[in-house]
Amino acid sequence: MRLGVLTGGGDCPGLNAVIRAIVRKGVDHHGHAIVGFRDGWRGPLESAYEELTVESTRGILPRGGTILGSSRTNPLKRPDGVETLRRNLEGVHLDGLIAIGGEDTLGAASALYEEGLPVLGVPKTIDNDLGGTDATFGFDTAVHVATEAIDRLHTTAESHNRILIVEVMGRHAGWIALHSGLAGGADVILIPERPFDVEEVCRLLERRHARGRYFSIVVVAEGAVPREGTMEVLAAGQTDDFGHARLGGIGQRLEREIEDRTGFEARTTVLGHVQRGGTPTAFDRVLATRLGLAAVDAATELRWGTMPALRGTRIELVPLAEAVAELRTVPPEDYEAAEVLFG
Ligand code: F6P
């Protein structure tokens, strides 16, 4: 068999581990040839690819990023996208394509499968918000990075009696904020799923102050929003090919509000892409490898339109359509369990 592989959307620690597993098992065990497309869906749209071999993928397991490059190109946005892909996959004599990505990349993969293309997916995102799977690789690494940052901010917050706000990634889901906030002992955690009341945030900080703790840590997901009418709302910025606005700025806005309302000195740290870069944790390397192995087996069995997923401790194949039907957001009860620790 001749199989293609691509990595789309925001990069994520563990992508190279998936690629390596696909190539190793695909070539050595199944006798396949593997083609790596450049920069997400741009690769098959423009026939930009390279042959991947066991030799060319040596040493990449612990490396962050993706050796194939990534982009947010949406093939369905091109008027002739589906036909171009069909033609180009045939041109490279491919039997099928493995798309490694999050909601957007896999949403496109699912739609292309519906159009009759032999495509299957592998779930990835640091945001941990894909449906159909209990977890995605990259998340554990992002939580580790954010937790380490919170630990470091704690000591300087205490020295200066400051409110330190940590803005972490999480466009629609607050998994990184919730888990790093819990691990780092944050005093307030704000997530997109639960619009916040800035008055209540200030009340918690003031209560802590009254108890003799003159510093606090607030962890806020980039997609967190104030409850309607409680704080000025940001104008939407630039959008990408999938229509997502570039986020960022909620930390700074909170900083000003908290200072104005409480008189406490507040400062913001935006962690940004540092959460996505660098070497994956052991957990993410293992999960990514297991998903890569399962994906190449699924392709060998022509299980197009599916995605290997973590279900409990097992890897199982689920329909791609199930994975992209709905985002997996933080359940209210998980947030409420953390809330009792605030302030
Ligand atoms: O989807 C993953 C993610 O990390 C989001 O949390 C974030 O909003 C987005 O990517 C930012 O990615 P980029 O800056 O690459 O567009």
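The model is predicted, and local features are given only at pLDDT of at least 70, side-chain atom pairs only at pLDDT 80 or more, whereas totals for chains, interfaces and linings use all residues. Residues are numbered from 1 along each chain as its sequence is written, and side-chain values rest on heavy atoms, with hydrogens and water left out.

**The two domains**

The protein chain is divided into domain 1, made of 2-138 and 280-323, and domain 2, covering 140-276, with bounds that come from an automatic or database domain assignment. Their C-alpha centres lie 33 Å apart. In domain 1, 20 residues are in contact with 17 residues of domain 2, where contact means heavy atoms within 4.5 Å.

The size of an interface is often given as the accessible area lost when the parts come together. Here domain 1 and domain 2 bury about 1,700 Å² between them, 51% of it on carbon and sulfur atoms; buried area is the accessible area (1.4 Å probe) that two parts lose on being put together, summed over both. On the side of domain 1, Arg 72, Ile 126 and Asp 127 lose the most area to domain 2, together 32% of what that side buries.

Between the domains there is one salt bridge, a term for a side-chain nitrogen of Lys or Arg within 4 Å of a carboxyl oxygen of Asp or Glu. Asp 11 forms a salt bridge with Arg 276, and their closest N and O atoms are 3.0 Å apart. There are also 10 residue pairs in polar contact between domain 1 and domain 2, both residues being at pLDDT 80 or more; a polar contact is a pair of N or O atoms within 3.5 Å, and within protein one must be able to donate a hydrogen and the other to accept it, while residues adjacent in sequence count only if both atoms are side-chain atoms.

**Thr 262**

Thr 262 lies in helix 8, residues 250-262, helices being DSSP runs (H or I, at least four residues) numbered from the N terminus. Thr 262 counts as buried because its relative accessibility is 15%, the limit for buried being under 20% (1.4 Å probe, protein chains only). Its side chain reaches two backbone atoms, listed below.

| Side chain | Backbone atom reached | Distance |
|---|---|---|
| Thr 262 | oxygen of Ile 258 | 2.6 Å |
| Thr 262 | nitrogen of Phe 264 | 3.0 Å |

Leaving aside residues up to four places away in sequence, Thr 262 touches Cys 202 and Glu 206.

Conventions: Helices (H or I, at least four residues) and strands (E, at least two) are DSSP runs, numbered from the N terminus. Buried means under 20% relative accessible area, exposed over 50%, partly exposed in between (1.4 Å probe, protein chains only).
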